[in-house]
Amino acid sequence: MADNLTLFTSIGLSEQKAKETLKNDALSSALKDAIAQAQSLHGVSGVDKAMGTLLYSMASRLKDIKRLVFLTDSIAQRKICTELQLAAALDFVKSYPQDPINQKEFDEACGVGVLITPEQIEDAVESVIRKHKEQLLKERYRFNMGLLMGEARTALKWADGKVIKNEVDIQVLHLLGPKTEADLEKKPKAPKAKVAENDVKVKKEEVALNGDVNTEGKSLMEQLRGEALKFHKPGENYTTEGYVITPNTMDLLKKHLEFSGGQIRTRFPPEPNGILHIGHAKAINFNFGYAKANNGICYLRYDDTNPEKEEEKYFTGIKDMVEWLGYTPYAITHASDNFQQLYDLAMDLIRRGHAYVCHQKGEELKGHNIPPSPWRDRPIEESLVLFERMRKGLFAEGEATLRMKTVMEDGKLDPVAYRIKYTAHHRTGNEWCIYPTYDYTHCLCDSIENITHSLCTKEFQARRSSYYWLCNALDLYCPVQWEYGRLNLTYTVVSKRKIVKLVDTGVVRDWDDPRLFTLTALRRRGFPPEAINNFCARVGVTVSQTMMEPHLLDSCVREVLNDTAPRVMAVLEPLKVTITNLPENKKSEIRVPDFPANEARGSHTVPFTRTIYIEQSDFREVMDKGYKRLTPEQPVGLRHAGYVIFAQKVIKDSQGKVVELEVTCSSTEAAEKPKAFIHWVSEPLVCEVRLYDRLFKHKHPEDTSEVPKGFLSDISPDSLHVISSALVDISVKGAKVLDKFQFERVGYFSLDPDSTTDKLIFNRTVTLKEDPGKI
């Protein structure tokens with residue numbers, strides 16, 4: 001013991017820290033091995049305090065002990081020199097549990113060899129301070145200096161935080177000078193407005209569907225009503241910057257107003273060739289929500305112009321998800337409803353000299369620098385005849401297209417309006433063998449439906465000029481197109497093509513696999529639609545593209561489930577406990593509140609017998625400092641039961657694993673109050689529990705600079721952990737698919753559709769807000 005104490009203090013640990021470490025056998029053993037390995041490279045006196053601190057931190061946080069030598073060598077060789085690098089290294093080895101570790105990938109992930117010079121730090125801090133200079137001068141030392149630190153750290157990921165802080169302090173002092181008496185005065189706290197209990201209840205009840213939810217700041221509806229101030233009023237399209245006015249515009253707007261009555265009219269126009277994802281949730285909330293907030297209407301319009309990829313399940317799935325989020329379309333329409341009218345308009349476009357039949361091949365039309373078509377100036381009558389022949393099926397696929405005589409904002413010349421496809425259509429069968437493209441169809445369907453605000457994501461900005469051009473070329477009412485930033489999440493992919501690959505390769509089961517961020521997957525995982533709407537409200541409506549972290553969505557989910565998911569008790573890793581001072585046939589019914597914070601909301605009963613089950617982690621044979629649950633020396637309370645139990649005997653199997661405890665119990669009134677209360681089950685249901693985590697190891701799995709081998713190489717082996725024999729209290733027996741519960745002290749769970757009468761299956765929706773390791 002004395003030798004180990006000396007060893008630990010020799011690497012810079014204080015005597016107290018060294019003694020605490022010696023109480024933990026596993027940590028002591030790992031740290032000794034790490035020190036020995038480092039000393040083999042540097043000699044007995046070669047491990048200084050900085051290296052020793054990293055070795056201790058590594059040994060105390062490393063889960064997979066087989067990586068100890070690898071990480072120790074990285075620290076000893078000065079590859080890992082900071083806590084930031086160590087954290088990255090621990091994350092890396094956790095993500096790569098199998099040998100061999102790719103040294104190059106490890107070095108890149110951990111910033112090995114990255115040298116941050118003092119000049120770089122000085123420049124980065126100077127840039128951040130310049131950005132916030134006006135606010136700094138205004139608020140002086142009351143300004144949130146952590147913001148400066150955070151932005152500088154983001155710019156220089158591997159820089160030493162202390163050095164950055166010192167540089168921030170120096171430059172702030174140089175800008176503001178020493179603190180004055182006014183700077184030292186405490187900022188007065190704004191008085192909190194008193195809120196009546198009934199008001200609080202009302203606010204909680206405002207968490208509802210349709211995006212009409214109160215969040216931090218403005219609700220989605222308030223935000224969308226605010227957006228109306230930025231947009232044109234119906235009939236005043238011409239007030240929008242960039243809107244193209246023709247001699248017929250005012251007459252067309254007048255007719256539009258007569259038809260619409262000045263009502264806001266929007267549409268949500270998905271392609272029925274895939275399942276909606278989290279990004280679509282923002283589009284749904286924006287299109288339906290903006291109309292709702294301004295007493296307007298919103299269509300659900302299927303852009304069904306590509307028969308090769310459209311299936312009934314996608315039509316149904318899209319409608320289900322829109323309704324699941326709480327929205328009811330004013331009408332469900334299809335681009336195919338207008339196929340005849342679109343064809344007639346194409347003939348009109350040719351007659352006006354704005355379109356022509358072209359015979360360039362598909363590969364020639366790809367990209368932006370395509371050669372001009374030699375058929376661009378062919379006679380109008382010739383194009384009319386050829387287009388009619390296309391309609392009658394007298395050309396092979398790819399042999400002819402109809403192209404529009406316009407240049408798009410991105411420079412693309414003469415986009416295709418119609419192409420030939422000998423594929424039966426989901427709704428029209430074999431009636432058509434030519435199908436309109438998005439560039440041709442979208443604006444014309446908007447015009448036909450008298451849409452006032454054509455809201456779309458930023459990537460469609462390049463199509464805005466062709467949108468206006470086509471409506472005006474045909475002398476039709478022209479809506480206003482307005483682009484907003486799309487919503488993206490880290491650690492996922494939402495591309496239809498990539499999700500298909502994940503399904504086809506067996507990485508996920510289907511489009512509704514709870515590890516995906518399709519809306520069907522989120523529903524299956526147990527995400528309430530209210531939470532998704534709340535999330536969209538917090539993201540807000542911005543022009544810039546938004547990249548959000550999944551934990552922000554998780555937070556919205558917890559807020560809703562905390563108010564709506566009844567509490568039950570479940571044990572994922574059971575440890576049998578026999579209460580020896582209760583009779584063999586002793587059985588009582590314990591009443592458990594569904595919502596302990598408000599017991600008036602209901603309760604359920606669970607049996608309590610001589611045999612109960614607790615979590616294995618709720619018992620430790622060796623008492624650790626700060627551990628508050630059951631040990632041979634320390635009793636623990638049983639939630640809701642009114643008992644405190646005292647460990648009397650530890651029963652182990654042949655491998656030395658604890659398999660059962662014998663305890664005695666005493667009523668909570670008779671016993672001294674325990675330090676903690678734990679959950680338990682008795683006569684429980686045996687259920688399957690699926691614990692989901694991030695599907696990908698990196699934030700941006702589609703970014704080849706981050707994941708050089710592609711997103712399929714970035715799958716996390718820990719994304720799904722199945723517990724086949726979890727124990728859940730009997731009260732969930734009658735649960736229906738997608739019913740949601742909080743397993744006390746464990747997390748939020750939802751009943752999976754795979755459940756049967758013989759075995760229920762629960763998906764973990766999210767962990768509890770508190771740190772799962774909290775004791």
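This is a predicted model: local features need pLDDT of at least 70, side-chain atom pairs count only at pLDDT 80 or more; totals for chains, interfaces and linings use all residues.
1. From H10, the residues Met145, Leu148, Met149, Ala152 and Arg153 meet Gly161, Ile164, Lys165, Val168 and Val172 of H11. Sorted by class, this contact of H10 with H11 has seven nonpolar residues, two charged and one polar.

2. As for the geometry, H10 spans residues 145-155 and H11 spans residues 161-176; they pack at an angle of about 130°, and their axes are 10 Å apart. That angle makes H10 oblique to H11. The crossing in which H10 passes H11 is right-handed.

3. Now to the aromatic rings: searching the whole structure gives 26 aromatic pairs. Tyr438 and Phe460 form a tilted one, with 5.1 Å from centre to centre and 35° between the planes. Tyr438 belongs to helix H20 (residues 438-448), while Phe460 sits in the loop between strand E8 (453-457) and helix H21 (464-473), so this pair ties together parts 22 residues apart in sequence. Tyr438 counts as partly exposed because its relative accessibility is 22%.

4. Please look at Phe608 and Trp680 as well, an edge-to-face pair with 5.2 Å centre to centre and 85° between the planes. Phe608 lies in strand E16 (residues 603-609) and Trp680 in the loop between strands E21 (677-678) and E22 (685-692), so the parts tied together here are 72 residues apart in sequence. Both Phe608 and Trp680 are buried.

5. One last item for your viewer is a cluster of rings. Which residues do ring pairs link into a cluster? They are Phe339, Tyr343, Phe387, Tyr418, Trp432, Tyr435 and Tyr440.

Key:
Residues are numbered from 1 along each chain as its sequence is written. Side-chain values use heavy atoms; hydrogens and water are left out. Axes are lines fitted to C-alpha atoms, for helices over the stretch in contact, and angles run from 0 to 180 degrees between N-to-C directions. Helices (H or I, at least four residues) and strands (E, at least two) are DSSP runs, numbered from the N terminus. Angles under 35 degrees count as roughly parallel, over 145 as roughly antiparallel, 65 to 115 as roughly perpendicular and the rest as oblique. A crossing is left-handed if the near helix is turned anticlockwise from the far one by less than a right angle, and right-handed if clockwise. Contact means heavy atoms within 4.5 Å. Ala, Val, Leu, Ile, Met, Phe, Trp, Tyr, Cys and Pro count as nonpolar, Asp, Glu, Lys and Arg as charged, and the others, Gly among them, as polar. Rings of Phe, Tyr and Trp (its six-membered ring) pair if their centres lie within 6.5 Å; planes under 30 degrees apart count as stacked, over 60 as edge-to-face and the rest as tilted. Buried means under 20% relative accessible area, exposed over 50%, partly exposed in between (1.4 Å probe, protein chains only).
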